[in-house]
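Please read it alongside the sequence and the model.

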Amino acid sequence: MIDPVLRGALALTLALGGCAWDTPMSTVKPHSDYAHEILHIYGIITWVTLGIALIVGFGLAWVLTRFHARPGAPTMPVQTRGHTLLEMAWTIGPALVLLGIAIPTIQVIFRTQAAPPRDALEVTVRGYQWWWEFQYPSLQVVTANELHVPVGRPVALTLEGPDVIHSFWVPQLGGKRDVVPGRLNRLTFTAETPGEFRGQCAEFCGVSHANMGMRVIVETDEGFRRWVAAQKAESPEPAAGPAADGKAIFASSACVGCHTIRGVSAGTLGPDLTTFGSRHTLAAGILPTTVDSVAAWIKNPAAIKPDAKMPALGLTDEQARAVATYLIGLK
Ligand code: CUA
């Protein structure tokens, strides 16, 4: 038997462990129109249920103190049956509560599911085991795991799943939308604050589901234009040395079967690496883009992301570092 004090401390630790104010994945710090709408509903439900909890708690306390068994009193109190007013009250009460929650919820559903405005930036989101692809059809830009969007402009996502069901979720930008094979789902939001927002696949999709993160980088108009221009620019030819060696290894290995690097290869199974070096992270956000981590990833992807679809290519440390240097140079 655990000591009651210890048990109390344990319960408190577990309860407080769920509370953290400064978390990057918190829905209570909205940064888009959609996230504000969700917080609005969340607020209504929280206050309504808090009111109900108080009424029930005080009612229960009153009944327990007022009607507890007393010495000499009959053990069975007077029973109430078929009290019309009571029956009506506890039928109508819950219906009113549900109505109070349903009306604003339905309003928000209609507001957030409306067709995207004409000037919205269209992005196609594809969820793969276990990474994200973002295509900008109007800009001819393709990237992975890091979605760049301009602040203040509606972004219209079309979500499609080439393999299994995933779910796109960036809490501070609102919404959560399943990515379903054979179906096109839509999600529209307007980001309100420049910054970097973390997201996560929210539908169990296999061994590395928890490793399927993403980032949304909200930029100023100017910053977004610069990013698009950089994505479309040709990468300079790598200088002689490890980067040039890395390019030669990449071009002559199995890498080309799965990855596109504009002008070098045209594989489509894995992320497009044309501007790999411009991303802050790799492998769906689990590693920073440094030579060490990229080389470790190339050496043995499954050791970092269990069940990763990318095979280990049997490169030496030196070869892996050369390829990493080459890839990081692609901006
Ligand atoms: Cu993709 Cu979970």
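Leaving aside neighbours within four places in sequence, Thr143 is in contact with Trp132, Glu133, Phe134, Tyr136, Trp227, Gln231 and Arg279, where contact means heavy atoms within 4.5 Å. The model is predicted: local features need pLDDT of at least 70, side-chain atom pairs count only at pLDDT 80 or more, and totals for chains, interfaces and linings use all residues. Residues are numbered from 1 along each chain as its sequence is written, and side-chain values use heavy atoms, with hydrogens and water left out.

**Thr143**
- Thr143 belongs to strand β3 (residues 141-144); helices (H or I, at least four residues) and strands (E, at least two) are DSSP runs numbered from the N terminus.
- With a relative accessible area of 2%, Thr143 is buried (buried is under 20% relative accessible area, exposed over 50%, partly exposed in between, with a 1.4 Å probe and protein chains only).
- The Thr143 side chain makes a polar contact with the side chain of Arg279 at 3.2 Å.
- A polar contact is a pair of N or O atoms within 3.5 Å; within protein, one must be able to donate a hydrogen and the other to accept it, and residues adjacent in sequence count only if both atoms are side-chain atoms.

**Thr260**
- Thr260 lies in strand β11 (residues 260-261) and is buried, at 17% relative accessible area.
- Its side chain reaches the backbone oxygen of Gly267 at 2.6 Å.
- Beyond neighbours within four places in sequence, the contacts of Thr260 are Ser265, Ala266, Gly267, Pro271, Asp272, Leu273 and Thr274.

**Nonpolar cores**
- The largest nonpolar core has 32 residues, and those with the most contacts inside it are Val123, Trp132, Phe134, Tyr136, Leu147, Leu157 and Phe168.
- Two or more residues of this core come from each of β1 (121-128), β2 (131-136), β4 (146-150), β5 (154-160), β8 (185-190), β10 (213-219) and α4 (221-232).
- A second, separate core of 23 residues includes Ile298, Ala320, Ala324 and Leu330.
- A nonpolar core here is a set of buried Ala, Val, Leu, Ile, Met, Phe, Trp, Tyr and Cys residues joined through side-chain atoms within 4.5 Å.

- Helix α1 (residues 4-17) has 14 residues and should span 20 Å at 1.5 Å a residue; its end C-alpha atoms are 20 Å apart, which agrees (the expected span is 1.5 Å times one less than the number of residues).
- Asp3 caps the N-terminal end of α1, with a side-chain oxygen 2.9 Å from the backbone nitrogen of Val5.
- In helix α7 (residues 291-299), the buried residues are Ser293, Val294, Ala295, Trp297 and Ile298.
- These buried residues of α7 pack against β13 (281-282), β14 (287-288), α8 (301-304) and α9 (317-328).

**Cysteines**
- The whole structure has zero disulfides, a disulfide being a pair of cysteine sulfur atoms within 2.5 Å.
- The sulfur of Cys255 is 8.6 Å from the closest cysteine sulfur, in Cys258, which is too far for a bond.
- Cys255 is buried at 10% relative accessibility, and Cys205 is buried at 5%.

**Whole chain**
- The protein chain has nine helices and 14 strands.
- Its radius of gyration is 27 Å, well over the 20 Å that the globule rule gives for 331 residues, so the chain is more spread out than a compact globule.
- The radius is taken over C-alpha atoms, and the globule rule is 2.2 Å times the number of residues to the power 0.38.
- The C-alpha trace spans about 100 × 60 × 35 Å along its principal axes.
- Buried residues make up 38% of the 331 residues.
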